[in-house]
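Good morning, everyone. Please take a moment to look at the sequence and the model, and then I will walk you through a few parts of it.

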Amino acid sequence: MSILHRSFFVFLILFCGFTAMAQRPGPQFRRPVCEPLEPRTKLEELDWRYERVLIKGFTQVATINGRGADIRVDAVELRESESATRVTGLVIALRETGENPRENRAFVDYDEITRLLSGIDEVSRVSEAVTKLASFEARYHSAGDLEVNVFRQSRASGTAASVSAGACDRVTAFLSLDDLDKLKAHIVEAKARLDEIK
């Protein structure tokens with residue numbers, strides 16, 4: 001094969017390869033693997049709507065300083081201006097405390113708040129009595145990707161808790177059981193604020 005033929009052959013391969021690559025959609029056309037395709041809560045569903053005027057009312061109830069991230073609890077009301085659509089619930093936002101902090105949030109619909117409070121109660125009561133093994137973990141996961149864990153990694157370490165938010169780029173705060181009780185009390189307070197505007 002002559003040099004001219006080889007050069008033409010290499011050119012042809014490169015040209016076909018670049019043409020094929022140019023026809024592929026860029027990353028902007030693909031959703032992240034862990035991003036949900038459908039909203040999981042009524043608050044998310046309303047928040048995701050396009051070409052609508054959304055009105056948001058909110059009250060910041062409290063912030064808890066956790067290890068690794070702070071947790072903010074907001075009572076929220078979302079309304080569409082053109083229709084009678086109105087949804088209430090909580091936004092629980094976690095913001096990391098280090099440099100370049102990430103933030104993520106979880107929506108909790110009003111009708112899920114009671115289940116969330118029961119879930120926190122139940123995981124808080126879990127102790128070494130549930131297993132004969134050295135470690136244990138109990139977890140409650142809400143529809144909107146709020147996760148509450150109570151765990152013990154070894155008999156020497158005490159029982160602790162963590163709260164996480166988000167499907168992608170999760171943010172996690174580590175808490176004592178006393179702080180988890182405070183979080184529960186703030187959620188009860190936020191529900192009371194929402195009951196006032198019914």
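This is a predicted model: local features need pLDDT of at least 70, side-chain atom pairs count only at pLDDT 80 or more; totals for chains, interfaces and linings use all residues.

Residues are numbered from 1 along each chain as its sequence is written, and side-chain values use heavy atoms, with hydrogens and water left out.

At 1.5 Å a residue, its 13 residues should span 18 Å, and the end C-alpha atoms of α3 are 19 Å apart, which agrees; the expected span is 1.5 Å times one less than the number of residues.

Which residues of α3 are buried? They are Ile-113, Leu-116, Leu-117, Gly-119, Ile-120 and Val-123, where buried means under 20% relative accessible area, exposed over 50%, and partly exposed in between, with a 1.4 Å probe and protein chains only. Seen down the axis of α3, these buried residues fall within an arc of 160°, so they line one face of the helix; the arc is that of the directions from the helix axis to the C-beta atoms. On the other side of α3, Glu-122 and Arg-125 are exposed.

Helix α4 (177-196) is among the elements that cover the buried residues of α3. The 20 residues of α4 reach 29 Å from first C-alpha to last, close to the 28 Å expected. Its buried residues include Leu-180, Leu-183 and Ile-187, and, seen down the axis, the buried residues of α4 fall within an arc of 145°, so they too line one face.

Turning to the cores, a nonpolar core is a set of buried Ala, Val, Leu, Ile, Met, Phe, Trp, Tyr and Cys residues joined through side-chain atoms within 4.5 Å. The largest one has 36 residues, and those with the most contacts inside it are Ile-92, Val-163, Leu-180 and Ile-187. A second, separate core of seven residues includes Leu-46 and Val-76.

Finally, Glu-51, in the loop between α2 and β1, has a positive phi of about 55° although it is not a glycine. Asn-100, in the loop between β3 and β4, has a positive phi of about 50° and is not a glycine either.

Notes. Helices (H or I, at least four residues) and strands (E, at least two) are DSSP runs, numbered from the N terminus. Contact means heavy atoms within 4.5 Å.
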